[in-house]
Amino acid sequence: MNPDFQFPDSFLWGSATSAYQIEGSPTADGAGPSIWQRFAHTPGNITHGDTGDVACDHYRRFESDVALMQQLGLQAYRFSIAWGRVLPDGTGSVNAKGLDFYERLVDCLLAHGIQPMATLYHWDLPEALDNRGGWLNPDIAHWFSDYASLMFRTLDDRVKLWCTLNEPWVVTDGGYLHGTLAPGHRNLYEAPIATHHLMRAHGAAVQTYRSVGQHQIGLVVNIEPKHPASNTEQDRAATRRADAYMNRQYLDPAIYGRYPAEMGEIFGDAWPQWPQADMELIRQPIDFLGVNYYTRSVNRHDDSAWPVRAAPVRQSQATITETGWEVYPQGLTDTLLWLKNRYGDLPLYVTENGSAFYDPPVAEDGHLDDPLRVNYLQKHLKAIHHAIAQGVNLRGYFAWSLLDNLEWSHGFSKRFGLVHVNLKTQQRTPKSSAHFYARVIASRGAVLNEPQVLADTLQSTTV
Ligand code: BGC
């Protein structure tokens, strides 16, 4: 064992999931349907016509899933709450059975010594609210803070870490600009409006937390370092736009109360001037920042890449995951240092990090070897250690994901789990990566430098 990679005792080791991706039974026990329910049931939207109707059946199997987390030694679990389970119409009357599900989940986690981190919004907006305009309706800030208040009043005695939104960039980019995710709109003028009301909703929920909650609340963003493909001014300008669009568009308003200057350059007259009072609402002091990190991108100027005019360039020497993402662990160290330098010494959590790779079938002896995922995990855990050694205030790490789950519009075709899920039998099989992670947790990082059977040079099969 190598003491060089020892993490602090207080460091929190966890894994993350989200409601629509694992729970199944999305309309059971009085729950109202979400935009993902409608999107998934619209032919052509999801690979193989997959839906979240059953998913990992976690809604009914959460107790055994929590027992499995305990076996793996997880100390924390980040899950999301399906808004429509607790408020079927998004506002108004409460569904006691939905609320009860999350109370039982939290109680079960605590009984197993696992600290819950709850995310209020991981993309599954109640359909009833979408019918009223969804993220385009300014009233959504109040709808969201009322829902948040209900959850704080119900669970804050047991949940000490809260996240408002998961990856607002993806909500807007996939849901309102490119139409690849629910609600499937493709509209340049809608995207800035959705962004702004997401951020107002975040601010309103944090404000509510200060009067109702006692613990900690933060925002979760996805960050991708953006590198220029060449040193030309055109490529560097394209890279600055890509960085503003993805990395600063949500953090600058949340921390500094202003949007990046590049937003007007990207959206032209579709980018509105927002009232200063809105920016004050958005800029609420938060207790921590959650960062989801998967990859970096290398960019060149491309006028046809609407609307940012920056196109990613594939790296020929890299290992590429099944979702087409370059494995680039250095980017995680860089991201954490960048957050510290740009946004100050806010406590950070890596709230997601993981990889989809082709997995072989479970062997007869019950093994499933996933060397590429082990390799990914090992390198990214070393990367966070490097960041801590350079003074980053990183409090914990949540591997994405506990289970193979519904990877949004890819359906079940991309597997991110540390634990394999047989979708016919719902049998759970921890992969080598789960066993590796369990050893990392048990040794608080010290095993990270042990030689592993790593297949650095192997490429994922579908590249
Ligand atoms: C999301 C997850 C998703 C993962 C892998 C993140 O953008 O928060 O829901 O499954 O990335 O694509």
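Modeller: Start with the packing face. P168, V171, T172, Y176 and L177 in helix 8 meet E190, A191, A194, T195, L198 and M199 in helix 9. Contact here means heavy atoms within 4.5 Å. Helices (H or I, at least four residues) and strands (E, at least two) are DSSP runs, numbered from the N terminus.

The model is predicted, so local features need pLDDT of at least 70, side-chain atom pairs count only at pLDDT 80 or more, and totals for chains, interfaces and linings use all residues. Residues are numbered from 1 along each chain as its sequence is written, and side-chain values use heavy atoms, without hydrogens and water.

Now the geometry. Two packed helices are described by the angle between their axes and the distance between the axes. Helix 8 spans residues 168-177 and helix 9 spans residues 190-212; their axes come within 9 Å and cross at roughly 150°. Helix 8 is therefore roughly antiparallel to helix 9. Axes are lines fitted to C-alpha atoms over the stretch in contact, with angles from 0 to 180 degrees between N-to-C directions. Under 35 degrees is roughly parallel, over 145 roughly antiparallel, 65 to 115 roughly perpendicular, the rest oblique.

Next, the connection. P183 lies in the loop between helix 8 and helix 9. A cis peptide bond joins A182 to P183, with omega about 5°. There is another cis bond between W306 and P307, with omega about -5°. P307 is in the loop between strand 8 (297-301) and strand 9.

W306 also carries a charge over its ring. R186 lies over its face, 4.8 Å from the ring centre. The test is NZ of Lys or CZ of Arg within 6 Å of the ring centre and within 35 degrees of the ring normal. R296 does likewise with Y328: its charged end sits over the ring, 4.0 Å from the centre.

H380 is in contact with Y293, V327, Y328, P329, L332 and N353, leaving aside neighbours within four places in sequence. H380 sits in helix 15 (residues 371-389). At 0% relative accessible area, H380 is buried (buried is under 20%, exposed over 50%, partly exposed in between, with a 1.4 Å probe and protein chains only).

V327 is in the loop between strand 9 (310-312) and helix 14 (330-343). V327 and H380 are 53 residues apart along the chain; their C-alpha atoms are separated by 9.3 Å. Not counting residues up to four places away, V327 touches T319, T321, F357, Y376 and H380.

One stop elsewhere: the aromatic pairs. The structure holds 34 of them. Y20 and W36 form a tilted pair, 6.2 Å centre to centre with 35° between the planes. Y20 lies in helix 1 (residues 19-22) and W36 in helix 2 (residues 35-40), so the pair ties together parts 16 residues apart in sequence. Rings of Phe, Tyr and Trp (its six-membered ring) pair if their centres lie within 6.5 Å; planes under 30 degrees apart are stacked, over 60 edge-to-face, the rest tilted. Y20 is buried at 5% relative accessible area, and W36 is buried at 0%. D29 is in the loop between helix 1 and helix 2. D29 is not a glycine, yet its phi is positive, about 55°. With a relative accessible area of 38%, D29 is partly exposed.
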